[in-house]
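This briefing looks at how parts of one chain are arranged and where they meet. Please keep the sequence and the 3D view open while you read.

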Amino acid sequence: MSITEKILCSKSHEYLLDNENGTYTIGLTDYAIEQLGDIVFLELPEAGTEFKKGEVFATIESVKAASEIYMPISGKITEINEAVVETPEILNEDVYEKGWLVKIETNCDAVEFGDLMEYEDYKEELA
Amino acid sequence: MTITIKGDLLMTKETYLHEKHIQLGAKMVDFAGWHMPVQYTSIIEEHKTVREAVGLFDVSHMGEVFISGKDALNFLNKIVPQDISKLNYEKAVYCQLPNLKGGLIDDLIIYKLGIQTYLIICNASRIDEDLNWMVRNKRGLDVKIDNQSHNYSLLAIQGPKAEALMQKTGLDTKQSSFTIKTGDVCGIKVLASRTGYTGEDGFELLVENEFSEELWDKILEQGQEFGIKPIGLGARDTLRLEAALHLYGNDLDEDTTPVEAGLSWSIPKDKKEDYNGKDVIMHQLEHGVDKKLIGLKMLDKSIARHEYDVYYNGEKAGTITSGGVSPVLGANIALAYVKNIKEICTGAIIQVMIREKLHNAVVVKRPFIQKRNRITM
């Protein structure tokens, strides 16, 4: 099963991957990165910080502009991807394996998943 | 993340090369009312191509206005601070179009094409304002203002290999920087100007619309051996920023004089004729200004952008007007207007407010990189 078959995507282009150990990985979709172009800067929150669904938790900058990244569900940051902060260009190569952003733990209400889409539906939504 | 696509695509204009950009897979954006390529592959890659080899730009959105008539010289001398009497045949000069307060309606290049014939190349976003202002200023003068923007395409060939490429296409490349000549490129008649907006040597070719696609294709074909690539507006912006060339709307506006903008070098002190805003501009040249343009280099990985606030000693001291990455320096750079105090000088540490945090930057000399062409009168 490829990774895009396992992720859920938000309308604001974040993806959520269930790690099946109580944590989720959050990143940006390949479509989002394709739209942004060359990624040159990433600002991620500190581990331990809690965010509600829809809150801005990070900032990404391409050559062209700065964009905010929103939490697809509520949760607490448990781990951040230091490698992408150090080398943001990684996101232009791969957003799912090497280019993930943060891991979170959550006990959010199931209703928060309601507006997230499977990758195929998300891509259809864009078309 | 929110992806915004600016503008109403139905209302935007297309250049005669629009189809070419689509075929090349360009990402298109709305810019100054035009549907233009922002990038073909990657802004950073395109930027490096222009610094290391040669790039081809479609800048057909820019305005071309021909000025002719018995009073053409007097008219131009009235609307720009530069001394057009000193502009020789086939030469070009970088100029500004001040209002009565010395603020800038636009910045432009004026070319002398004949005894009473001149060409103005101006910013796409300002053509209407420029024309209105020129018409207001022609009263009583025998001068024809002929906007030909819709009839011409403009292709820029920029980079260290631009000369070799143009030579190969048959253009006589003996012409020096800031000159314009009629010529042939791959058998197509052009007006070739040795100017650009990248800090590199290069040419800008004015061509009738109907030949623009053929010219575009032939230059790309002939340029293969030099590593040519089409370059979008994204890299055009990072290139001009490294060269610290002003962008109208960011670094220049109607409330900023050329003296404040660091363009005093372009203004003759001995011009006899009166021109719009002369009293303000001459007063500032003599007595100084309250705000000044500076170059900044960020000391961390953060990126200063248009409209971010600049602080000095804990107090707001100014505003970023252009900012971004410098692919050549591997650092982030910016232009800012700050209070004209002597402490804010080269080497001084100042701060930029980015998402509610202050980030250190050092004031550096402009341009940020060594330019390969020199702007001269």
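This is a predicted model: local features need pLDDT of at least 70, side-chain atom pairs count only at pLDDT 80 or more; totals for chains, interfaces and linings use all residues.

**How the two helices pack**
- Two packed helices are described by the angle between their axes and by the distance between the axes.

**Which residues meet**
- From H2(B), the residues Ile43(B), Glu46(B), His47(B) and Val50(B) meet Gly234(B), Ala235(B), Thr238(B) and Leu239(B) of H7(B).
- Sorted by class, this contact between H2(B) and H7(B) is made up of 4 nonpolar, 3 polar and 1 charged residues.

**Where the helices sit in the chain**
- Chain B is divided into domain 1 (9-59 + 151-242), domain 2 (63-146) and domain 3 (290-364).
- The centres of domain 1 and domain 3 of chain B, taken over C-alpha atoms, are separated by 31 Å, and the contact between these domains takes 7 residues from each of them.
- On the side of domain 1 of chain B that touches domain 3 of chain B, helix H2 (43-52) and helix H7 (233-242) of chain B each supply at least two residues, and the largest share, 4 residues, comes from H2(B).
- By class, that side of domain 1 of chain B has 2 nonpolar, 2 polar and 3 charged residues.

Note on methods
Residues are numbered from 1 along each chain as its sequence is written. Chains are lettered from A and ligands numbered from 1 in the order in which they are written. Domain bounds come from an automatic or database domain assignment. Two residues are in contact if their C-beta atoms, placed from the backbone, lie within 7 Å. Ala, Val, Leu, Ile, Met, Phe, Trp, Tyr, Cys and Pro count as nonpolar, Asp, Glu, Lys and Arg as charged, and the others, Gly among them, as polar.
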